[in-house]
Number of protein chains: 2
Amino acid sequence: MRSMKIIVIGATGTIGSEVVRALAMNKHDVVRASRNGDVRVNLDDPATIRAMLEKVRDVNAVISCAGNAAFRPFADLTDADYELGLRSKLMGQVCLARMAKDHLRDGGSITLTTGVLAMHPMQGSASISMVNAGLEGFVRAAALEMPRKIRINAVSPPWVKETMVKFGMDPASGLAAATVAKAYVAVVEGSHQGKILDPGRLDG
Amino acid sequence: MRSMKIIVIGATGTIGSEVVRALAMNKHDVVRASRNGDVRVNLDDPATIRAMLEKVRDVNAVISCAGNAAFRPFADLTDADYELGLRSKLMGQVCLARMAKDHLRDGGSITLTTGVLAMHPMQGSASISMVNAGLEGFVRAAALEMPRKIRINAVSPPWVKETMVKFGMDPASGLAAATVAKAYVAVVEGSHQGKILDPGRLDG
């Protein structure tokens, strides 16, 4: 596998930090981007995405492990809750894809993060399920029109053990962040196009 | 089948007018709502949705056959194009569902419109596929939390013959609007919950 220059957005997060670690182990040149890191980016603010892509050059791939959305009972979700998910996790990542397609090197790749709630909702997930499913629809469609052999895909993590512990849930049914990270590496090093990857089924 | 009072939004449109016709044939009391009709509503403007629901009382079901989104090559889609789909077809219908759940009679139903591009994209559909898929994610999730036995579902029309003719396309592969309308009637009169119905597979 040739070494690639890869930006990871959300590099300090639960999943992002494991993605950084896994990519580095495969000898890739990893640029860590986050809201407070050396390379600053906030997916909610398109100007910071553009500034990042203009600052970091000759990039092969960009991975987003970022984006927020509100998890609340349907009856309690406010306009602002919906707006958060639309602006951050959905359009923040869509904006990244729109800009990255013009900045990445030929044959580069864009990998976004959706989540299991897109197709398997639970009580409280109306906004998140909407945002995740919308992002998956976008990825499938945008893949048909990517220029210069650029690829676009999404990873759809299940519940992550570390996140479940943080929320006081039983982590038994979750997947470790380090295992989830393998899906991102597989997509970046692979030839997937327009795919939504389930990290729990990489070997399945 | 008992007669129901049903609001149809987009009642003058290609699909909506056939839905109105089909519901009336089954002896339902149909309230026709549209941007310029007797009962005025514009899905892009939440205030008009609230006003409609406060004006028309004792409603069993609401059906949306409305909502806009932009169909353009991915490279040409602007921020405003994405914004149109998010505000109109996605959040317009989400807003309708949020409000209707508090206004409909017990056991009532909400039926929204998504479309085949959610799962089967084509060139030019990045924004529409995102919006339709997002709406489907919302419907699946919101169904888990509907109060008072209210149901929520979506119909996902394929290409409609009448629309294809309007666009100068060969309508051979399309489904007639009157056939599509049968799916809305089936959902409103049925017991579906959180389902996305394909009008081409009703008998399948």
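## Close-up views of a two-chain model

At 34% relative accessibility, Arg72(A) falls in the partly exposed class. Keep this residue in mind as we go through the views of this predicted model.

**View 1. Arg72(A) pairs with Asp81(A) in a salt bridge.** The closest N and O atoms of the two residues are 2.8 Å apart. Asp81(A) has a relative accessibility of 11%, so this residue counts as buried.

**View 2. In chain B, the side chains of Asp81(B) and Arg72(B) are joined by a polar contact of 2.8 Å.** Asp81(B) sits in helix H3 of chain B. Is Asp81(B) buried or exposed? With 12% relative accessibility, Asp81(B) counts as buried. Setting aside neighbours within four places in sequence, Asp81(B) touches Ala70(B), Arg72(B), Asp76(B) and Ser127(B).

View 3. Arg87(A) is partly exposed at 35% relative accessible area, and Asp44(A) is partly exposed at 23%.

**View 4. Arg201(B) forms a salt bridge with Asp198(B).** Their closest N and O atoms are 3.6 Å apart. Arg201(B) has a relative accessible area of 64%, so it is exposed, whereas Asp198(B), at 31%, is partly exposed. Over all chains, the structure holds 14 salt bridges.

**View 5. Chain B meets chain A, with 33 residues of chain B in contact with 33 residues of chain A.** About 2,800 Å² is buried between the chains, and carbon and sulfur atoms give 69% of that area. Which three residues supply more of the area that chain B buries against chain A than any other three? They are Phe74(B), Arg98(B) and Glu145(B), which supply 26%. Two salt bridges cross the interface. Look for Asp79(B) and Arg98(A), which form a salt bridge with their closest N and O atoms 2.8 Å apart. The interface also has 12 residue pairs in polar contact. On the side of chain B that touches chain A, H4(B) gives the largest share, 10 residues.

**View 6. Phe71(A), Met122(A) and Leu144(B) make a nonpolar surface patch of about 250 Å².** Leu144(B) is found in the loop between helix H4 (126-142) and strand E6 (151-155) of chain B. Its relative accessibility is 40%, so Leu144(B) counts as partly exposed.

Key: Residues numbered from 1 in each chain as written. Chains lettered and ligands numbered in written order. Predicted model: local features only at pLDDT ≥ 70, side-chain atom pairs only at ≥ 80, totals over all residues. Heavy atoms only, no water. Patch = residues over 30% accessible without salt bridge, like charges linked within 9 Å, V, L, I, M, F, W, Y side chains within 5 Å. Areas by Shrake-Rupley, 256 points an atom, 1.4 Å probe, with all protein chains shown as cover. Salt bridge = Lys/Arg side-chain N within 4 Å of Asp/Glu carboxyl O. Helix = DSSP H or I, 4+ residues; strand = E, 2+ residues; numbered from the N terminus. Buried < 20%, exposed > 50% of the residue type's maximum accessible area, 1.4 Å probe, protein only. Contact = heavy atoms within 4.5 Å. Buried area = accessible area lost by both parts, 1.4 Å probe. Polar contact = N/O pair within 3.5 Å; in protein donor to acceptor, adjacent residues only side chain to side chain.
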